[in-house]
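Please look over the sequence and the structure shown here before reading on.

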Amino acid sequence: MVLPGERTEKVPVDGVVIDRDSPMPLYFQIAQQLEQAITSGALPAGCRLDNEIELADQLAVSRPTLRKAIETLVRQGLLVRRRGLGTVVMARPVRRPLALTSLFDDLASTGRAPTTEVLEFGLGPADHDAAAALGIPEGTEVIVVERLRRSDGEPLALMRNYLPPALVSVDRESLGEYGLYQLLRRQGVTLHLANQQVSARPARPREARLLGVPRNTTVLTIHRTTYDSAGRAVEYGAHCYLAARYSVEMTLVTR
């Protein structure tokens with residue numbers, strides 16, 4: 001993530017071709033092609049675009065048209081305006097399919113170089129939410145794990161998990177190297193289904209500090225309870241993700 005005061009390389013925008021005979025609005029054509037350049041890596045994270053006047057002249061469009069294209073990408077979390085820096089390309093957002101997979105698996109499968117910092121690991125009492133999700137009395141001793149997950153070196157998610165020690169066994173070193181679901185499968189746990197709830201809220205002070213963003217930055221929260229093939233709850237997770245860098249994809253069908 002680019003922070004104020006950091007040095008960034010200024011990169012010209014090449015290859016944007018506007019079809020003035022197309023019914024597609026000019027701003028949308030520009031935004032779509034810039035999005036493709038960002039997601040493909042042609043415009044790398046951290047680089048600066050020319051200012052709006054220069055870009056508008058380069059593309060032979062009006063400043064309001066160019067500004068609308070830039071604002072479209074800012075809303076998508078692909079660009080950010082930084083005082084003193086201008087318009088900067090953000091790290092590629094993670095688009096995650098709605099499936100029973102771990103964030104580590106999804107990042108690794110798309111070449112996003114996931115890394116994990118284990119912030120907390122040990123036995124502790126299950127709080128109200130964890131106890132209700134795992135179907136155990138509140139205060140029951142469970143394995144408590146908190147991890148900071150990075151994608152391509154940039155903070156993406158803060159993840160807190162609760163696991164029943166009678167069913168699973170994990171250690172701090174393995175959690176720093178592998179995904180939780182990988183470790184569970186290696187122990188013969190067959191993950192069968194999960195219930196999860198997705199919502200959004202402002203980041204709390206500690207979350208913002210660990211994720212390297214200003215306070216009240218929007219985060220997506222996911223609370224998930226995962227069950228094995230015998231119907232036993234094997235983990236409860238309370239995670240928060242940077243909304244500008246993470247989205248959940250799903251396919252809907254009629255009944």
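What follows describes the helices, the cores, the sheet and a few single residues in turn.

## Basis of the description

This is a predicted model, in which local features need pLDDT of at least 70 and side-chain atom pairs count only at pLDDT 80 or more, while totals for chains, interfaces and linings use all residues. Residues are numbered from 1 along each chain as its sequence is written, and side-chain values use heavy atoms, with hydrogens and water left out.

## Two helices in contact

Helix α2 (residues 52-59) packs against helix α3 (residues 63-75) at an angle of about 110 degrees, and their axes are 9 Å apart. Helices (H or I, at least four residues) and strands (E, at least two) are DSSP runs, numbered from the N terminus; axes are lines fitted to C-alpha atoms, for helices over the stretch in contact, and angles run from 0 to 180 degrees between N-to-C directions. The angle makes α2 roughly perpendicular to α3, a term that covers 65 to 115 degrees, whereas angles under 35 count as roughly parallel, over 145 as roughly antiparallel and the rest as oblique.

On the α2 side the contact (heavy atoms within 4.5 Å) is made by Glu 52, Ile 53, Leu 55, Ala 56 and Leu 59, and on the α3 side by Arg 63, Leu 66 and Arg 67. These residues divide into five nonpolar, no polar and three charged, where Ala, Val, Leu, Ile, Met, Phe, Trp, Tyr, Cys and Pro count as nonpolar, Asp, Glu, Lys and Arg as charged, and the others, Gly among them, as polar.

## Nonpolar cores

A nonpolar core is a set of buried Ala, Val, Leu, Ile, Met, Phe, Trp, Tyr and Cys residues joined through side-chain atoms within 4.5 Å, with buried meaning under 20% relative accessible area, exposed over 50% and partly exposed in between (1.4 Å probe, protein chains only). The largest such core has 21 residues, of which Ile 30, Leu 43 and Leu 66 touch the most other members. Helices α1 (26-40), α2 and α3 each supply at least two residues of this core, and α1 gives the most, with five.

Leaving aside neighbours within four places in sequence, Leu 66 is in contact with Ile 30, Glu 52, Leu 55, Ala 56, Leu 59 and Val 61. A second, separate core of 14 residues includes Val 118, Ile 143, Val 145 and Leu 183.

## The six-stranded sheet

Six strands form an open sheet in the order β4-β5-β6-β9-β8-β7, with antiparallel pairing; two strands pair if DSSP finds at least two bridges between them. Strands β4 (114-125) and β7 (191-202) stand at the edges, each with a single partner strand, so one side of each is left without a neighbour in the sheet. From one strand to the next, the twist averages 15 degrees.

Strand β5 (residues 141-151) is mostly covered, since nine of its 11 residues are buried. It is joined to β4 by 11 bridges, and Val 118 has Arg 147 in β5 as its bridge partner. Nine bridges join β5 to strand β6 (residues 154-163), and these two strands form a hairpin with two residues between them, where Asp 152 in the turn has a positive phi of about 55 degrees.

## Two single residues

Arg 82, in strand β1 (residues 79-82), counts as buried at 19% relative accessibility. His 128, in helix α5 (residues 128-134), counts as exposed at 51% relative accessibility.
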